[in-house]
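I opened this notebook to record what I looked up in the structure.

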Amino acid sequence: MKREIIQTSDGSTTIHLPEWNENYHSKHGAIQEAKHVFIKNGLSLFEGKSVSILEIGFGTGLNAFITYLEALKFNQSIYYVGVEAYPVSFEEVAQMNYISELDAKKDAAIFQKMHQAEWNANVKISEKFLLKKRKIYFNEIADNQEFDLIYFDAFGYRVQPELWSTEIFRKMYEALKNDSYLVTYAARGSVKRSMLEVGFSVEKLEGPPGKREMFRAYKK
Ligand SMILES: C[S@@+](CC[C@H](N)C(=O)[O-])C[C@H]1O[C@@H](n2cnc3c(N)ncnc32)[C@H](O)[C@@H]1O
């Protein structure tokens with residue numbers, strides 16, 4: 001599928017899919033969205049801890065890179081598993097402006113290392129950040145009680161409704177340990193019903209700029 005690089009409202013880049021009229025991040029601001037949905041409402045709940053994270057859709061690596069930067073501030077060690085069936089190319093990554101927009105020149109090598117990391121293997125990105133990129137389809141996920149936090153960042157319901165199904169959320173629920181969370185930018189009624197059906201409790205939180213609401217699901 002054709003992919004184009006575009007700029008979002010906060011100045012950060014994202015990938016646009018013209019055939020689907022869909023973006024990898026919010027057009028209202030890729031970095032703002034990632035920080036609000038996944039960091040403020042997810043990662044920050046685990047200050048000072050070791051956190052194992054499952055990301056649904058590794059894509060450009062923006063969420064992974066922001067997690068690396070924020071985990072330094074929250075004093076966390078991270079095991080990060082990013083699932084991605086259609087990896088972005090090095091040429092595309094090179095066109096992302098996350099290093100400059102995040103003022104992260106000194107960590108530019110980290111972003112590179114994340115993209116160069118071998119697939120399906122644990123790769124030590126830094127002393128406190130272990131990355132595993134898994135090149136599989138979401139419906140192949142079969143982890144059991146492995147993760148503290150899921151970043152559910154699939155394309156929207158409009159274009160991939162099958163990824164917002166009860167079947168997928170059951171896999172997510174099973175992949176999480178007890179007392180853990182799933183965060184997503186979405187806030188659609190049918191998504192909440194699927195989450196409830198598999199056993200999550202669900203909070204509606206204020207959304208990132210440009211979106212009214214988002215969900216955080218909790219597994220007891
Ligand atoms: C919204 S984007 C993720 C953006 C990413 N989190 C980032 O920070 O750039 C959704 C991702 O899911 C991937 N994807 C779509 N369908 C998939 C599937 N069935 N299995 C695995 N990956 C899939 C896409 O290739 C895309 O990278």
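**Entry 1: a hairpin and its strand partners**

I began with β10 and β11, which form a hairpin with 6 residues between them; in the turn, Gly210 has a positive phi of about 90 degrees. Helices (H or I, at least four residues) and strands (E, at least two) are DSSP runs, numbered from the N terminus. The model is predicted, so I noted the terms of reading: local features need pLDDT of at least 70, side-chain atom pairs count only at pLDDT 80 or more, and totals for chains, interfaces and linings use all residues. Residues are numbered from 1 along each chain as its sequence is written, and side-chain values use heavy atoms, with hydrogens and water left out.

Strand β10 (residues 201-206) pairs with β11 in the antiparallel sense over 6 bridges; two strands pair if DSSP finds at least two bridges between them. I found Ala217 in β11 as the bridge partner of Val202. β11 also pairs with β9, again antiparallel, over 5 bridges, and here Val183 has Arg216 of β11 as its bridge partner. Of the 7 residues of β11 (residues 213-219), 5 are buried, and the strand is mostly covered. Buried means under 20% relative accessible area, exposed over 50%, and partly exposed in between (1.4 Å probe, protein chains only).

**Entry 2: confidence**

I checked pLDDT, the predictor's confidence in each residue, from 0 to 100. The protein averages 98, and 100% of the residues score at least 70. Confidence is lowest in helix α3 (residues 90-94), at a mean of 96, and highest in strand β8 (residues 147-152), at 99.

**Entry 3: the nonpolar core**

Which residues touch the most other members of the largest nonpolar core? Phe152, Met172 and Leu182 do, in a core of 75 residues. Helix α2 (residues 62-74) gives the most to this core, with 8 residues. The term denotes a set of buried Ala, Val, Leu, Ile, Met, Phe, Trp, Tyr and Cys residues joined through side-chain atoms within 4.5 Å.

I listed the contacts of Leu182, not counting residues up to four places away in sequence; among them are Ile150, Phe152, Phe169, Met172 and Phe215. Contact means heavy atoms within 4.5 Å. Met172 is also one of the buried residues of helix α6 (residues 166-175), together with Thr166, Ile168, Phe169, Lys171 and Ala175. The buried residues of α6 pack against β4, β8, β9 (176-184) and α7 (189-198).

**Entry 4: two further strand groups**

I then turned to β4 and β5, which pair in the parallel sense over 7 bridges. Ser52 stands opposite Tyr79 in β5. Strand β5 (residues 77-83) has 5 of its 7 residues buried, so it is largely enclosed by the rest of the structure.

Elsewhere, 3 strands form an open sheet in the order β1-β2-β3, with antiparallel pairing. β1 (4-7) and β3 (22-23) stand at the edges, each with a single partner strand, so one side of each is left without a neighbour in the sheet. Strand β2 (residues 13-17) pairs with β3 over 2 bridges, and His16 has Asn23 in β3 as its bridge partner.

**Entry 5: the ligand**

How many residues surround the ligand? I recorded 21, and the closest are Glu55, Gly57, Thr60, Glu84 and Asp153. The criterion is one heavy atom of the residue within 4 Å of the molecule.

For polar contacts I took pairs of N or O atoms within 3.5 Å; within protein, one must be able to donate a hydrogen and the other to accept it, and residues adjacent in sequence count only if both atoms are side-chain atoms. An N or O atom in the side chain of Thr60 is 2.6 Å from an oxygen atom of the ligand. A polar side-chain atom of His25 lies 3.0 Å from a ligand oxygen atom. From Phe138, a backbone N or O atom lies 3.1 Å from a nitrogen atom of the ligand.

The backbone oxygen of Thr60 lies 2.8 Å from a polar atom of the side chain of His115. His115 is found in helix α5 (residues 108-116) and is buried, with a relative accessible area of 10%. Its contacts, not counting residues up to four places away in sequence, include Phe58, Val88, Phe90 and Lys133.

Is Gly42 buried or exposed? Gly42 counts as buried, at 0% relative accessibility. I located Gly42 in the loop between α1 (30-40) and β4 (50-56). Gly42 touches Val37, Leu149 and Val183, not counting residues up to four places away in sequence.
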